[in-house]
Amino acid sequence: MNNPLVTIDNLTVRFDDRLVVDRVNLSLHRGDIITIIGPNGAGKTTLIKAVLGIQPATSGRIERTKGLITGYVPQHLRLESTLPLSVRRFMLLSGQPLQACEAALARTSVDHLLDASVHHLSGGEQQRVLLARALVRKPDLLVLDEPAQGVDINGQAALYELIRQLRDEFNCGVIMISHDLHLVMAATDKVICLNQHVCCSGYPADISHDPAFIETFGQSVAESLAVYHHHHNHNHDLSGNVVTQNHASPALEGTPRGCQHDHH
Amino acid sequence: MTIIDTILNDFFWRALAGGLGVALIAGPLGCFVVWRRMAYFGDTLAHSALLGIALSFLISVPLNLGVVITSVFLATALMLFSRNKTLATDTLLGILAHSALAIGLVALSFMPEVRIDLTGLLFGDLLAMNRNDLLWIYGGAVLILALLIMFWRGLLMSTIHEELARVEGVPVERLRLLLMLMFALVIAVAMKMVGVLLITAMLIIPAATARRLARTPEQMAALAIVFGFIGVTGGLSMSWHLDTPAGPSVVVTAFATFLFVYATAGRLWARTG
């Protein structure tokens, strides 16, 4: 149970001469929600591709549990307009039976879109269909690349809440990239601030006081985040009703770890 | 057997049988060309076919085999080159397409003892199709259709979202190679029909026509076959009655069908397509 799903040990990735990911360590267990934040070009996508097992390391080690089923929610579904595709057909391409596909769509509240064309979905609908596509495979590990992109502000909160609920239902590990700092701070267990290397990592409440975080995002962002974060003792369902729930926080290293070197 | 024999003894029916066989594989493969934006890639492979012909004369192997080998070689080279991003893919394709065509023409001019019909190679010589060509076409068709059915889900998934497919365990790279090999084969067998300059049209036009009416990828592939059949049958009839060149007539008919479908079905399907 306590074996990590994915362990990343001293991972370095270079594209040609450019250093993209610099000596990153990370371990992800069942029940964890880890959010990667960081400026553009910080190597976030490369790091989660390594977690997905589709990005070879230049040096370091990526270890995934044998037989790990990964659900991947990409940033977009950039589909050629020449390819006709309904949500039904897209879901069935997972190789799962229709019933399971319908159940997954219902879980992300988009079952009414079964016969819609994938081309005509709004940003939020597309994200939920992609999430359903990941869920239908009953993943041990859920990897999301900016899941709330193109989703309006109310939808964003609901989406992050849904991800938390799915974590509890499937008892899976979750790792995601996000730019929605306020929402991330409230809805995640552990934050990794990436800027090629891990700037700082730890609980959301602590990280906003971390000097390295303030260095990366600026004083004003850090201060506003400290205000926004509050501890949840309840959850909301998609209609906004309060759902009481107590799940133990997964064991983490705890205190944030600052950088051991200077920032320029 | 005698009926088939009689039919195959007639050049017109041979041409029709060959054309339909090509349309049968050009339809579904053409869908992938359209979906993956590989039109220019198809052109490049087709142009290299002429180089393949020159090489087959040089080392005396059957023409079809020479063309397949050259296309496969070029497809692999393209795959390797395109990983190195110093040149944009369309620039690279443009360089290789026209260089292959030019080298082919130059090489053929060095072999005066080889008497070949250049117009036939460039624009097709459907009416000169012999039984051996038919064997190549139907052998290729059976092989390609079997491969397409076998790997359909993986091919489609890697077309929709390459990384998602990779995460789900689809061997994306190997399927890309397979697709290129299938293109090489279809070009080798279709060359005789419409010629190297018009092969891409036979891949793209029926698929693009089908897009207007299809709601699923499978429907689109099936409809592309139907529109290919219409193009071949109509084109050959036109060629027969009006004494026009067969290959271009097939393309003209396919194009007319495309215009007709988009003009008439446009309003009907605009909201649902």
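Chain A folds into nine helices and 11 strands, as seen in a predicted model. Of the 264 residues in chain A, 42% count as buried, and among its contacts between residues at least 6 apart in sequence, 69% join residues at least 24 apart. For the complex, the predictor reports an ipTM of 0.82 together with a pTM of 0.82.

**Domains of chain A**

- The domain assignment divides chain A into domain 1, made of residues 1–69 + 140–264, and domain 2, made of residues 78–138.
- Between these domains, 13 residues of domain 1 of chain A are in contact with nine residues of domain 2 of chain A.
- On the side of domain 1 of chain A that touches domain 2 of chain A, the largest share, five residues, is supplied by α5(A).
- Sorted by class, that side of domain 1 of chain A consists of nine nonpolar, three polar and one charged residues.

**Helix α5 of chain A**

- Helix α5(A) covers residues 153–170, which is 18 residues, and reaches 26 Å from its first C-alpha to its last, close to the 26 Å expected at 1.5 Å a residue.
- The buried residues of α5(A) are Gln156(A), Ala158(A), Leu159(A), Tyr160(A), Glu161(A), Leu162(A), Ile163(A), Leu166(A) and Arg167(A).
- After α5(A) comes Asn171(A), a residue whose phi is positive, near 50°.

**Confidence in chain B**

- Chain B has an average pLDDT of 86, and 95% of the residues score at least 70.
- Where pLDDT is low, the predicted coordinates should not be read in detail.

Technical notes. Residues numbered from 1 in each chain as written. Chains lettered and ligands numbered in written order. Predicted model: local features only at pLDDT ≥ 70, side-chain atom pairs only at ≥ 80, totals over all residues. Helix = DSSP H or I, 4+ residues; strand = E, 2+ residues; numbered from the N terminus. Expected span 1.5 Å × (residues − 1). Buried ≥ 20, exposed ≤ 12 C-beta atoms within 10 Å, placed from the backbone. pLDDT = per-residue confidence, 0-100. Domains from an automatic or database assignment. Contact = placed C-beta atoms within 7 Å. Nonpolar A, V, L, I, M, F, W, Y, C, P; charged D, E, K, R; others polar.
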